[in-house]
Amino acid sequence: MDKDPADTPWILLASEPGKWQKLSPIAILYFAERLIRQLASQFIYLLPALLVGYAQIRDNPGLWLPVLSALLTLVGLFAWLSFHYYRYRLYKGHLQIRSGVLHKKHLDLPFERIQNIKLEQPLYYRYSRHVCMLLDSAGSHKQEARIYALAQDFAERLKREILRQGGTTEGQQADKEADPAVTEQEKLLISRSVPDLVVHGITSNRIWIFLGGLAPFFDNLFALADEQLSRLGLDLDGLLNPAGQAWWQFGLYVVSLVFILMALLTLLSIAGSLIAFYGYRLTRSDDRYIRRSGLLTRHEVSMKLSRLQVIVRKQDWLDRLIGRINLKFEQLNANIEHTGAVAVSGKLMVPSIDEVQCQALIDDIYPSNQMAQIRYQGISRRFILRNGLLALLPFAGLTGILLFKGESQAMAVCASAYLLTLALIWQRWRRWGWAVDEEFVYLRKGLLGVDYYCFPFPKVQQTKFRQSIWMKPARLCSVTLVLASGGQTIPFLPEIDGRRLIDISLYQLERLKASWM
Amino acid sequence: MDTLFTNTNLSHDRLPTISTLQFMPLGRRYAPLNLLCNLSFFLVLMLLACAIRWQPWFAVPQWLDAPFPYLLGTLLLLGICLPTYWYLADKRKGYALREQDLSFKSGLLFERIVTQPILRVQHVELKRGPVERRAGLGTLEVYSAGGTLHTFAIPGLPEQTAKQLRQFILSHGDVGRDG
């Protein structure tokens, strides 16, 4: 009978506990990829050197071959050394990792500190059925660990073992998971098809982020496009010259150009969505939610229900038009406490689902929540006054200068822009809403889109009450409830309600002493 | 039957409320000391500007020389207004300790009350810089899982009080209860 390759390290681990284990040699690929990524991210610092040596490079175009070969050899050598010096072991309830070529590191991570275990499968691991295991702890980002290459089945067993030896609740959970019959019971909550992901690609606003990132290169891109189009016989300068044609013709060209550009960028966004969410499956195994997705690198993120801090139901304006919702489950804040790659995946998102699917998922997590039915209270109209006055400052300054220069047309544009800003502030005020029931706090906010937030009282870490001397006579205040995933602020609510909200939050968590994770 | 457990309805009016918190002032020397530090900072800035303006080694460019009196005037104005505002704000700072939580009040134009339940405290630090050490003061920093942006800090506590507060938090039955 063939020996299961996954069993070899497992047997070693079980028969010789405490013995340092080596990785599978395929990890060299992973180390090399990481190194190349790091080098690429540092590329910007090399730019001045490249610019200085540009003449040299131009004179010796054949130089890239030896340089690239030398670079790849170095990367290969360093990846092999990283693999060679990497050892891990499970020892007395701790995961220990020794790593580093020049700078030696020794990591000791007690199982009970491990918050989250994520399995990641890059494309090149798929054929040899290996995964990379990422372990996230509650401490600082220095306490994150990666075991770079483990056979998939072995990794699953190791994960269960770590969870079993971890806390009591998780231990019981892992015991159940260790039983194959129970593991089979992983219930599929939702999966996303390719058309769904295409919709997500279209509705997500990555286009604008991408455009923003490209801004410094606009000049070069236009020059390049102009050159290419000229070769095809299209004179871009001529087409876009308002003096050379009727205004409607010119307008049509501009609109078509914008549409072509938007279509191209939307395609990129769709590609991004497919890469991140291809094969999306959200499953539930007892109180653990597991997300698996990824076209090139398969990601698996698991979240224990008790670790969930807040549910966010997000709808941009385009989502609202086509009735789609992005549902996010936020755990510990990735941006504040942790900076590592593991914690960034702390958010678990379900992309582009419809109303019914969204409600079913929210009800599955918090059955007694009333996010959809509860009546939200608005905030004071002073929100419009305050923000309107604040926005007036730059506009008033600008109008003053224009008045001084006698630019009446520009003044009209400035006034219209201010009116538009006021309309947006009004819309933002209209969206603001908050509500509480026995168990949960609900928030509604947004501008053109609308986002709903829902979290149980015991998730509150700290409360903040704010009142300016201008709010005091109107008996208004702002309240921030700080969660482990970040602060949630309700501005301009009646002082009496604000104080009561804080009192209830403190009472709920201090009296009931419920855990937040 | 379990007779210890009750679950009667509780009116909101009967909840402990933050409206009745009794705030204790910070150390007596904190506000004057802070005023002195802030005044010194602006004084150093002004001296630095004058030293650059009148140093004998190189000529100050015209574009910098012309607005110099305005720059000095602005620094002087800021050096009077800001420390005065901060001093008045420091005088209003205070903390309140209840059985289950610690609150800190601050702000003159914008009043702010932060309340940190002891149950949610991850760890506590007592920080004392060289100036604070000489004045016998300390800053108590209380960390929760809310992240570094929301670190709860009470500055200007008399050393003894700071230690007592820290001890109270550390020996509280609930601290670190859920990691």
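Start with the contact between chain B and chain A: select 36 residues in chain B and 34 residues in chain A. Keep in mind that this is a predicted model.

Colour both sides of the contact. Together, chain B and chain A bury about 3,100 Å² between them. Of that area, 54% lies on carbon and sulfur atoms.

Now look for charged pairs across the contact. The count of salt bridges between chain B and chain A is 0. Polar contacts do turn up: 9 residue pairs, both residues at pLDDT 80 or more, link chain B and chain A in this way.

Which strand supplies the largest share of the chain B side? Select residues 110–117 of chain B, strand E4. This strand gives 8 residues to the side that touches chain A, the largest share.

Zoom in on Thr463(A) and find its opposite number in E4(B), Thr115(B).

Last stop: Ala89(B). Select residues 68–92 of chain B to show helix H3, where Ala89(B) sits. Is Ala89(B) buried or exposed? Its relative accessible area is 10%, and the cut-off for buried is under 20%, so Ala89(B) counts as buried. From Ala89(B), draw a distance to Phe110(B), 21 residues apart along the chain. Their C-alpha atoms are separated by 9.7 Å.

How values were computed
Residues are numbered from 1 along each chain as its sequence is written. Chains are lettered from A and ligands numbered from 1 in the order in which they are written. This is a predicted model: local features need pLDDT of at least 70, side-chain atom pairs count only at pLDDT 80 or more; totals for chains, interfaces and linings use all residues. Side-chain values use heavy atoms; hydrogens and water are left out. Contact means heavy atoms within 4.5 Å. Buried area is the accessible area (1.4 Å probe) that two parts lose on being put together, summed over both. A salt bridge is a side-chain nitrogen of Lys or Arg within 4 Å of a carboxyl oxygen of Asp or Glu. A polar contact is a pair of N or O atoms within 3.5 Å; within protein, one must be able to donate a hydrogen and the other to accept it, and residues adjacent in sequence count only if both atoms are side-chain atoms. Helices (H or I, at least four residues) and strands (E, at least two) are DSSP runs, numbered from the N terminus. Two strands pair if DSSP finds at least two bridges between them. Buried means under 20% relative accessible area, exposed over 50%, partly exposed in between (1.4 Å probe, protein chains only).
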